Amino acid sequence: MTDSPSTTLHTRQLGRSGPVVSSPGLGCMGMSGAYGHTDDDESVRTIHAYLDAGGTLLDTGDFYAAGHNELLVGRALRERSRDDVVLSVKFGELLTLTGMPAGIKDARPAAVRNFLTYSLRRLGTDHVDIYRPARLDPQVPIEDTIGAIAELVEQGYVRHIGLSEVGSDTIRRAAAVAPISDLQIEYSLLSREIEDGILSVCRELGIGITAYGVLAKGLIGGSGAAGGALPMMPRFRPGNREHNEALVSALGEIAEAKHATLAQVAIAWVAAQGDDIVPIIGSRRPGQIETMIASTSVTLDREDLARIDELIPKGAAKGTRYPEQHMPDRDGEG
């Protein structure tokens, strides 16, 4: 593994209008039991390890474990300088009483203000840096949702507006209302649908990409342990999982040549797709932060990228990213 003391996080700006953030960013969802048992004290140490290494971008959502994740992030930041952190928060996903997604979104202007009020209290802050609807609410025009967030920007409660898992038409409509800093969307060696149009639209409009799912929920370089919600994911179902693991194992030759892990190569691949892309890596333990940071030392040249395309062709993964009822609405794209 590449673990030179000189290894540092990179910085990138999110689009033309967004903040400068560390790359990779830290995804906090997994710290609240999404993929198995977690320990709050260890999670706080993980966030501190990232911040101590120069990290700035923390990604969370108000519906992660029904607010637990925001409370956890707020606890971790209690004795830290708020100005040193970029908080990216998603909202609008409604939950069942069991804590699972209800398949219903709420992005009404009144709901936007209500959700933010709770987030600010749980996070222990007077503003969030990037605020975004987690999914498209088919009952509410995106213009109304973005307009409501724009009012919060004017009032100082939000610094920048983001989007998540929407298609090209929605991106254009949203950007016509207010500046959009970034689109958060799944992007990895096993999920490359955004290359079919969404990525080019974002670049045309000066919108950055924060890419989650970079390690395919543990299929790439992780344990892939069937904890939390993983068994319901189509890519982990019998037959699909074995096929996808075989695809990923082919990266071994690249990783060995780079003296890196499979995970580090996968992170480096996403980062190499453009300076406007910031990988978001979910971590639950301090040791995973070290691995994440070491990925910035992995350099992939044109030959490396071409070889990776041969080993894992676009569209080669089996199974959708989520069960069909939870797949995002992308204006008919992916």
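How many bridges join strand β8 to strand β9? Select residues 128-133 for β8 and residues 158-164 for β9: three bridges join these strands, which run parallel. Strands here are DSSP runs of E with at least two residues, and helices are runs of H or I with at least four, numbered from the N terminus. Two strands pair if DSSP finds at least two bridges between them. Now click on V128, which stands opposite V158 in β9.

Before moving on, note that this is a predicted model, where local features need pLDDT of at least 70, side-chain atom pairs count only at pLDDT 80 or more, and totals for chains, interfaces and linings use all residues. Residues are numbered from 1 along each chain as its sequence is written, and side-chain values use heavy atoms, leaving out hydrogens and water.

Next, show the closed barrel of eight strands, β3-β4-β5-β8-β9-β10-β11-β12, with parallel pairing.

Now go to helices α2 (residues 68-76) and α3 (residues 109-123), whose axes come within 7 Å and cross at roughly 40 degrees. Axes are lines fitted to C-alpha atoms, for helices over the stretch in contact, and angles run from 0 to 180 degrees between N-to-C directions. Contact (heavy atoms within 4.5 Å) is made by E70, L71, V73 and G74 of α2 and S119, R122 and L123 of α3.

Finish at helix α10 (residues 286-294), where I289, M292, I293 and A294 are buried. Buried means under 20% relative accessible area (1.4 Å probe, protein chains only). Select what covers these buried residues, including β3 (25-27), α1 (40-52), α9 (262-271) and β12 (277-282).

Definitions and conventions: Buried < 20%, exposed > 50% of the residue type's maximum accessible area, 1.4 Å probe, protein only.
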